[in-house]
Amino acid sequence: MLLGSLTGAIGGGLQSGRFGRKCSLMIDATLFIIATIALILAPNLIVVLVSRFIQGHCVASSVVAMPIYTCEISQPDIRKITGVFAVICISFGGSLSMIFGKFKYVA
């Protein structure tokens, strides 16, 4: 997922510039869903690794395009708030996943 995030961060700007922000986000969401289904049904380690790579790419690419898209579609008087709110949600969600990833759940 780390290598996918690297390619997604680099290619995300190019992708959103070429296809547009909305189309880029829809492509990322579709590929993420397909990679998640492939990950769930993975028969071997290669499929798991490729699926995680695609998921990382899609997440990083959408992180690039999403704040710009939210600023583009919002009203001018709240544009700054929506852009900042999008980035705060991304950062807060990543922080929570790191915090709760440290705990082991006992069933």
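Read along the sequence, this predicted model follows the pattern α-α-α-α. The chain holds four helices and zero strands.

**The chain as a whole**
- The C-alpha trace spans about 50 × 35 × 20 Å along its principal axes.
- Of the 107 residues in the chain, 20% count as buried.
- The chain exposes about 7,600 Å², and carbon and sulfur atoms supply 76% of that area.
- Among contacts with a separation of 6 or more, 59% come from residues 24 or more positions apart.

**Helices α1 and α2**
- Helix α1 covers residues 2-19 and helix α2 covers residues 21-40; their axes come within 6 Å and cross at roughly 125°.
- Because of that angle, α1 counts as oblique to α2.
- The crossing of α1 and α2 is right-handed.
- On the α1 side, the contact is made by Gln15, Ser16, Gly17 and Phe19, while α2 brings Arg21, Cys23, Ser24, Ile27 and Asp28.
- Sorted by class, the contact of α1 with α2 has three nonpolar, four polar and two charged residues.

**Helices α2 and α3**
- The axes of α2 and helix α3, which runs over residues 45-73, come within 8 Å and cross at roughly 155°.
- An angle over 145 degrees counts as roughly antiparallel, so α2 is roughly antiparallel to α3.
- The crossing of α2 and α3 is left-handed.
- In the contact of α2 with α3 there are 15 nonpolar, six polar and five charged residues.

How values were computed: Residues are numbered from 1 along each chain as its sequence is written. This is a predicted model: local features need pLDDT of at least 70, side-chain atom pairs count only at pLDDT 80 or more; totals for chains, interfaces and linings use all residues. Side-chain values use heavy atoms; hydrogens and water are left out. Axes are lines fitted to C-alpha atoms, for helices over the stretch in contact, and angles run from 0 to 180 degrees between N-to-C directions. Helices (H or I, at least four residues) and strands (E, at least two) are DSSP runs, numbered from the N terminus. Angles under 35 degrees count as roughly parallel, over 145 as roughly antiparallel, 65 to 115 as roughly perpendicular and the rest as oblique. A crossing is left-handed if the near helix is turned anticlockwise from the far one by less than a right angle, and right-handed if clockwise. Contact means heavy atoms within 4.5 Å. Ala, Val, Leu, Ile, Met, Phe, Trp, Tyr, Cys and Pro count as nonpolar, Asp, Glu, Lys and Arg as charged, and the others, Gly among them, as polar. Buried means under 20% relative accessible area, exposed over 50%, partly exposed in between (1.4 Å probe, protein chains only). Accessible areas come from the Shrake-Rupley method with a 1.4 Å probe; for residues, only the protein chains shown count as cover.
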